[in-house]
Amino acid sequence: LYQALVLVAFIALSGLLFRSFRFSPLESAALCAFLALSPWIIYWASVPFSDYLFAALVAGAFLLFNRRLFLAAGIVAAAACLTKSVGFLIVPAVLIGGLRSRDRRSVGVFLAPVLPAIAGWTLWANAHRTASDQPILWYYTDYIGAFLKNDGLHALPDIIPHNLMSIITASGSVVIHNLPDSMPGRFLCILVVAAMVTGAVRIVKQTGLIEYPIFCLLLALTLSV
């Protein structure tokens with residue numbers, strides 16, 4: 001029930017986010033239908049985890065931000081940060097957008113609820129850090145510590161190509177299940193990613209809104225390492 005509710009919230013908020021990027025009602029509805037029928041999205045909707053709640057909160061935060069409801073956007077973004085640590089990437093995305101628009105006041109209003117949430121969670125997590133030699137506990141309580149303990153810096157030349165390919169194949173799987181299983185399918189996955197990048201660039205050119213595309217770029221870079 002929980003997973004069904006957050007999946008519906010994610011799709012609905014995505015549709016409203018598309019509208020805030022000036023997509024037509026028909027285009028937004030078609031994209032929502034695509035999300036609802038995607039085999040990869042349906043597959044992961046069968047597992048009760050935090051990613052769809054996080055995705056819904058991120059969509060809601062940028063929807064409110066695009067509508068210039070900065071305080072409300074900041075509150076929802078704070079909830080996203082407390083749902084998954086990677087929500088912190090919303091902050092540099094908004095800061096970069098603020099530097100471009102030179103609208104410091106709006107950025108300040110947005111960050112007012114976000115920064116205390118990040119600071120409070122960081123202090124609490126450090127104060128309650130689990131002392132253990134179990135790698136699974138490292139991973140779930142200290143991402144950076146687990147990365148360093150697993151020799152992540154020296155392994156980066158192996159990690160980045162593997163993770164980039166994982167991102168590309170996952171993007172293709174959103175369109176067609178098991179698309180990456182064949183060589184032509186992997187080529188089509190690359191075309192899907194190229195279409196995503198082209199669409200993001202088009203959104204920026206048409207709307208001038210760079211915060212969400214910047215967040216997606218930062219998220220992809222984080223996942224790659």
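So, α1 and α4: who touches whom? On the α1 side we have Tyr-2, Gln-3, Val-6, Leu-7, Ala-9, Phe-10, Leu-13, Ser-14, Leu-16, Leu-17 and Ser-20, and they meet Tyr-52, Leu-53, Ala-55, Ala-56, Ala-59, Gly-60, Phe-62, Leu-63 and Asn-66 in α4. Contact here means heavy atoms within 4.5 Å, and the helices are DSSP runs (H or I, at least four residues), numbered from the N terminus.

Quick note before I go on: this is a predicted model, where local features need pLDDT of at least 70 and side-chain atom pairs count only at pLDDT 80 or more, while totals for chains, interfaces and linings use all residues. Residues are numbered from 1 along each chain as its sequence is written, and side-chain values use heavy atoms, with hydrogens and water left out.

Okay, back to the pair. The axes of α1 and α4, which is residues 51-66, come within 8 Å and cross at roughly 25 degrees. Axes are lines fitted to C-alpha atoms, for helices over the stretch in contact, and angles run from 0 to 180 degrees between N-to-C directions. So α1 and α4 are roughly parallel to each other; the cut-off for that is under 35 degrees, and roughly antiparallel is over 145.

Now, what does α4 do with α12, residues 211-224? Those two pack at an angle of about 150 degrees, with their axes 10 Å apart. That makes α4 and α12 roughly antiparallel. From α4, Phe-54, Val-58, Phe-62 and Phe-65 meet Glu-211, Tyr-212 and Phe-215 in α12. Notice Phe-62: this residue of α4 is in the list for α1 and in the list for α12.

Next up, α2. This helix covers residues 25-37 and has 13 residues. Which of its residues are buried? Ser-28, Cys-32 and Leu-35, where buried means under 20% relative accessible area, exposed over 50%, and partly exposed in between (1.4 Å probe, protein chains only). They cover an arc of only 60 degrees around the axis, so they sit on the same side of α2. That arc is taken from the directions from the helix axis to the C-beta atoms. The buried residues pack against α1 (2-20) and α3 (39-44). Over on the other side of α2, Leu-26 and Leu-37 are exposed.

Last stop: Val-175, in α10, residues 152-175. Buried or exposed, or something in between? Val-175 is partly exposed, at a relative accessible area of 37%. Leaving out residues up to four places away in sequence, Val-175 touches Phe-34, Pro-39 and Val-192.

Note on methods. The expected span of a helix is 1.5 Å times one less than its number of residues. Angles under 35 degrees count as roughly parallel, over 145 as roughly antiparallel, 65 to 115 as roughly perpendicular and the rest as oblique.
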